[in-house]
Amino acid sequence: MGWRGVSLVSGWQFTASLCFYTVFAATAFVREGFGVSLGVTGLTVTAVMLGYTALLFGTGAATDAFGERPLLVYGLLALAAGMAFVAVAPTFPILLVALLFVGFAYATAMPATNRAAINVAPPGRQALAMNVKQVGVTAGSAVAALLIAWMATTDAAAVLGIVRFDWQAAFLAGAALAVVVAAVTALRYEGMPASGSLSVPDVRSLLDDRAYRGLLVSGFFLGAAVFTTTSYVVPHVTDTVAATASVGGAVLATVQVTGSLGRLAGGELADRIPGRPTRGPALVLAAQAALAGLGFLAVVVAGGRTATWLAFGFLGLSILGFPGVYYATMTALVDDDEVGAATAGGQTALNAGGLVAPPLFGTVAGSVGYDAGWIGLAVLTTAAAAAVWIAIARD
């Protein structure tokens, strides 16, 4: 299908990510609306990440067995249902249950879209195609941040009459878009042939590869950093520079935009580095992880609204720019019939970091200060760069 197919898959990823990352953009509004502490607010991210992680190996195996097309169609419809559930949640405990369901549905995303990106990529442009598809994540996240900020400052709740808080209307909007895009995908995307036999992924054989193990280690550290960043940009801005949550949403959108630029630049550079298929993506991944460490330190030393905005924009280039080359490296390590399982393992590593770090960061930020949390993330991303270099890039 070429670049037209890449656009179709990227549009799917944009829609799914808009839904999923609306959760992260809503953290400051959840804290205010339900009257919970900063640390408890982090449980919203834990709930959605727990659901996401729990089904990854199942959706990875299903992708390898039945192909990516049914996962793309039915997964997006399930995500629409989860978004609607979040929109009408009356209490914080019910909200957590709804977010768990959103995570379950989003678990279809990475195994299915990674396989789809390989299917539609022009010859020799797999890394760039993967990164273009991954721009759907940051673009969807940016729109989610702006959508939440806009809905929170309008009288959407009164107009709709079915949501408790204005910002919850953004979840209904995401649900409606997901239904439309699922229908388009069903009509326009054919998919690759699959084995037709559902089996337990051969995780042991994947773990025998030292390079794959190195990716998992780096993925855990990078996952802790990226999910914490998207969760706490808005609270950081509101708490440290006394800006409104809407301004914080704009800063988060900026982070997502620069993350998109980082993904496109990283994919283009990775395809141009000569050598075996894993060499270019691995070198770019190590460099982006190292730059993320500097980005977190820039946030620490920034003072005032403008400097903080610029620091987060610089940080976005690296910490939100790495997933495309992360998956390009991973898919280059395995055969086509193992892409789903390999992706599930890699995403599980990312999500494991995302499960642990946001509540811990919230607790540290609430008791010690944000700077201590950002410095901790700088250490983790530097460790991630070292893991990639030792396991893959230096060879």
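Guide: The lining of the largest pocket divides into 12 nonpolar, 5 polar and 3 charged residues; here Ala, Val, Leu, Ile, Met, Phe, Trp, Tyr, Cys and Pro count as nonpolar, Asp, Glu, Lys and Arg as charged, and the others, Gly among them, as polar. The model is predicted: local features need pLDDT of at least 70, side-chain atom pairs count only at pLDDT 80 or more, and totals for chains, interfaces and linings use all residues. Residues are numbered from 1 along each chain as its sequence is written, and side-chain values use heavy atoms, without hydrogens and water.

The space in this pocket is about 330 Å³. A pocket is an open set of points on a 1 Å grid over the protein atoms alone, where a 1.4 Å probe fits, with protein on both sides within 12 Å along at least five of seven lines; lining residues have an atom within 4 Å of a point. The volume is the space filled by probe spheres set on the points, which are joined across faces, edges and corners.

Of the 20 lining residues, Q126, A127, P277, A328 and A332 are the closest to the centre of the pocket. Two or more lining residues come from each of α7 (109-120), α8 (126-152), α13 (245-272), α14 (279-301) and α16 (323-333); helices are DSSP runs (H or I, at least four residues), numbered from the N terminus.

One of these helices, α13, contains A245. Neighbours within four places in sequence aside, A245 is in contact (heavy atoms within 4.5 Å) with F29, V234 and T238. Between the C-alpha atoms of A245 and R4, 241 residues apart along the chain, the separation is 37 Å.
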